[in-house]
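The following account is meant to be read alongside the sequence and the coordinates. Please keep both in view while the paragraphs proceed from one region to the next.

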Amino acid sequence: MSLNLHQHVYTKGSGSRTLLLLHGTGGDEHDLIPLARSLDTEATILSPRGNINENGALRFFRRLAEGVFDLADVERRTRDLAAWLNSAIDHYKINTSELTAVGYSNGANTIAAMQLLHPNPVRSSILLRAMITAIPPQLPNLSAARVLMLNGERDAIIPLSNAQRLAATFKSAGAKIDQHALPCGHELIADDLRLAHAWLRSQPTTH
Ligand code: MLT
């Protein structure tokens, strides 16, 4: 898979961790970089831009309406993203044991779908405001996966029950899942950063 599939930011850090960043609808590859820097000042950053243009708003897969997804497109885009990620890992010599994917909204949904639908190197993920997109009939074995889900109690886009079903799906697949419902809506708040920072620090590394 050509690296040109996704325009992207790659910034080599002095630390061992790599953060893969997937932005929300209407964002771009620069959006989550300040957040990533707050999580780990020394991390290498790999941040692709979503290829779907929805009336000028970039995202990672097509939807028919808010919360109504084109499931064939979810399948295809996440398969292509997994292949792109493998090419980026080879090209930039990324240590996959220290790779954490961080996504917001559509980016979080994309990471979750990629983890559930396609074999890929993402074991560790921070999903900010994720919901269910596609669940395969046969769940993969995600016993090596560690997932942090942060959702908003008053999120008008994502009912908390939907986010809880996604967490339960990860758990059924064997993933170690931590989920928090925060006192907010779809927007990020300071608690997101605090919890994500603490969770990342608690993850095993292979120094
Ligand atoms: C999605 O399309 O993935 C969700 O509705 C979140 C978003 O609006 O980006």
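Which residues are around the ligand? They are Thr 25, Arg 59, Phe 61, Arg 63, Glu 66, Gly 67, Phe 69, Ser 105, Asn 106 and Asn 109, where a residue qualifies if one of its heavy atoms lies within 4 Å of the molecule. This is a predicted model, in which local features need pLDDT of at least 70 and side-chain atom pairs count only at pLDDT 80 or more, while totals for chains, interfaces and linings use all residues. Residues are numbered from 1 along each chain as its sequence is written, and side-chain values use heavy atoms, with hydrogens and water left out.

For Thr 25 the distance to an oxygen atom of the ligand is 2.5 Å. For Arg 59 the corresponding distance is 2.7 Å, and for Arg 63 it is 2.8 Å.

The interior comes next. In soluble globular proteins, nonpolar side chains tend to be buried together. A nonpolar core is here a set of buried Ala, Val, Leu, Ile, Met, Phe, Trp, Tyr and Cys residues joined through side-chain atoms within 4.5 Å; buried means under 20% relative accessible area, exposed over 50%, and partly exposed in between, with a 1.4 Å probe and protein chains only. The largest such core has 41 residues, and the members that touch the most others are Leu 20, Leu 85, Leu 127, Met 149, Leu 166 and Phe 170. Two or more residues each are given to this core by strand S2 (18-22), helix H2 (71-92), strand S8 (99-104), helix H3 (106-117), strand S10 (146-152) and helix H4 (160-172); helices (H or I, at least four residues) and strands (E, at least two) are DSSP runs numbered from the N terminus. Helix H2 supplies the largest share of this core, seven residues.

Helix H2 has 22 residues, and the distance from its first C-alpha to its last is 31 Å, close to the 32 Å expected at 1.5 Å a residue; the expected span is 1.5 Å times one less than the number of residues. Its buried residues include Trp 84, Leu 85 and Ile 89. Just after H2, Lys 93 takes a positive phi of about 55 degrees.

Leaving aside neighbours within four places in sequence, His 8 is in contact (heavy atoms within 4.5 Å) with Leu 3, Leu 46, Ser 47, Pro 48, Trp 84 and Tyr 92. His 8 is partly exposed, at a relative accessible area of 22%. Its side chain makes a polar contact of 2.8 Å with the side chain of Tyr 92; a polar contact is a pair of N or O atoms within 3.5 Å, and within protein one must be able to donate a hydrogen and the other to accept it, with residues adjacent in sequence counted only if both atoms are side-chain atoms. The backbone oxygen of His 6 also lies 2.8 Å from a polar atom of the His 8 side chain.

Helix H5 (residues 190-202) has 13 residues and should span 18 Å at 1.5 Å a residue, which agrees with the 19 Å between its end C-alpha atoms. Which of its residues are buried? They are Asp 192, Leu 195, Ala 196, Trp 199 and Leu 200. Seen down the axis of H5, these fall within an arc of 130 degrees, so they line one face of the helix; the arc is that of the directions from the helix axis to the C-beta atoms. On the other side, Ala 190, Arg 194 and Ser 202 are exposed. The cover over the buried residues includes S2, helix H1 (33-39), S8, strand S9 (124-128), S10 and strand S11 (176-182).

Strand S9 contains Ser 124, which counts as buried at 1% relative accessibility. The side chains of Ser 124 and Thr 100 are joined by a polar contact of 2.8 Å. Beyond neighbours within four places in sequence, the contacts of Ser 124 include Arg 146 and Trp 199.
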